[in-house]
Amino acid sequence: MADANAAVAVVTVSLVILGLLSGLSLSWALLPVAVVVLIFVLASGLRGRDELAHLNVCVLVLGDIGRSPRMQYHALSLSRHGYSVTLIGFLGTKPHQDILEDDRIDILPISELMGLRVGPKIFRYVSKVILQSFQLFYVLMKIEDQGYILMQNPPGLPAIAVAWVASCFRGNQFIIDWHNYGYTIMALTHGENHLIVKVAKWYEKLFGCFSDYNLCVTNAMREDLRKNWNIEATTLYDKPPSIFRETPLKLQHELFVRMSSVYPPFRPSSDVTKEHMELTAFTERETQTGAVTRSAGRPALLISSTSWTEDEDFSILLQALQEYEKFVEEEDKLPSLVCVITGKGPQKEYYKKLIDSKEFQHVKICTPWLEAEDYPVLLGSADLGVCLHKSSSGLDLPMKVVDMFGCCLPVCAIHFQCLHELVKHEENGLIFKDSNELSQQLKLLFSDFPRDHGKLGTFRKNLRESGQQRWNENWDKNVLPLIKEHCD
């Protein structure tokens, strides 16, 4: 780690200069000095290090824990190896049940502070960052001694700086898990040349260098960190945990029955009735024997998951489905589709209005939010996955595809720079560039449905035979040695 006192001095001077260049008065520009002095005063009262602190790990995500699967997997892996974990983040959605039931994992929720509600946007944003910084610093200084702080980036503003300062004072090792770059996500909304984007890039690059260890999600990101940020990182590919697997037919039926009570696309056609049979759009169960079979003439189940953000353009999928609708009308062989788009996010209502405006006859769309336990069951029941994630940096990979592959679910994914590290075109799925190409791929893949000897069946067979590595063995190989090295 860089010398703490020298680093604090550099950062403090940089913030003062930045404040003066931004037009702040000298008294306001000197605010960082006052903050640093306060931090030193607070830190001077800290108790001595706990001898067993190296067995405690803080896993930090300045976001919704329930929607941060990779950080939940980190926590579970640490617990599996005997570490006590303090998992810090927002409690917006329910974390996975394994997290809630693990005695070694303690969830410490923090509030998503909003800052000032009046004044220019820049001041409201700055006030939010300042309030979040003080809250996060207080929490990190209050918890029992930790051997490590393992932090997700993004979001890294203000978490990187706060976590690093707390690590300096408490003697923790500081690990950043680079999922992407925060400033590139901000650029989707504000543009690359916006002042706040430039400041965010400067901040991320400066404080990112102070970590002890770094993880990242692709080899392309590892090379970019090394070349442009002078940061050495270990590639830890996202891998599916064992809960992502093909779903047995009986379990599929149970899920479809539950979903049919809420979502009409999962219900059987109103003109289909069978005595002593429990029916869904996809399956039927003999009530006397309990035997479950697939429904004759069932629709194909297409699934996509999203955070409904700017880096996923779902108009591409809607246009492709519109073209597919025409294909079905022209060719009797093609099946109807049920398209399930899961997730929560800021653009969901916008796209729901677009979906509601469509008048499809052969395509049904629903947008449920699934509990963590139901999501892998639905993936393992689907016929095809679609991914519209376009990396803001071009350097990360969509975890949704990782989960789909864990369920041996073939994928159609939109092209971007390093997607080839995950999706092998014509081997485990197809890569498309626009809605027209996607619609042609849907037509091709479903031309033999529901028989499994076409391309769709070949892709699924390749996934089954690929011997995919799972999260636990991947984590044990790439992360555990870093932690044991420090402990020893």
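Predicted model: local features only at pLDDT ≥ 70, side-chain atom pairs only at ≥ 80, totals over all residues.
A crossing of two helices is termed right-handed if the near helix is turned clockwise from the far one by less than a right angle, and left-handed if anticlockwise.

The model contains an open sheet of 7 strands in the order β3-β2-β1-β4-β5-β6-β7, with parallel pairing. Its edges are formed by β3 (105-109) and β7 (234-235), each of which pairs on one side only. Within the sheet, strand β5 (residues 173-178) runs parallel to strand β6 (residues 213-216), and 4 bridges join the two. Asp177 has Leu215 of β6 as its bridge partner.

Helices lie against this sheet. Helix α4 (residues 69-80) lies across β1 (56-64), β2 (84-90), β3, β4 (148-153), β5 and β6, and runs at about 165° to β1. Helix α6 (residues 121-142) also packs on the sheet, where β1, β2, β3 and β4 are touched; the direction of α6 makes about 160° with that of β1.

The crossing of α6 past α7 is right-handed. On the α6 side, the contact is made by Ser133, Leu136, Phe137, Leu140, Met141 and Lys142, and on the α7 side by Ala159, Val162, Ala163, Val165, Ala166, Phe169 and Arg170. Classified by residue type, the contact of α6 with α7 comprises 10 nonpolar, 1 polar and 2 charged residues.

Notes
Residues numbered from 1 in each chain as written. Heavy atoms only, no water. Pairing = 2+ DSSP bridges. Contact = heavy atoms within 4.5 Å. Axes fitted to C-alpha atoms, helices over the stretch in contact; angles between N-to-C directions. Nonpolar A, V, L, I, M, F, W, Y, C, P; charged D, E, K, R; others polar.
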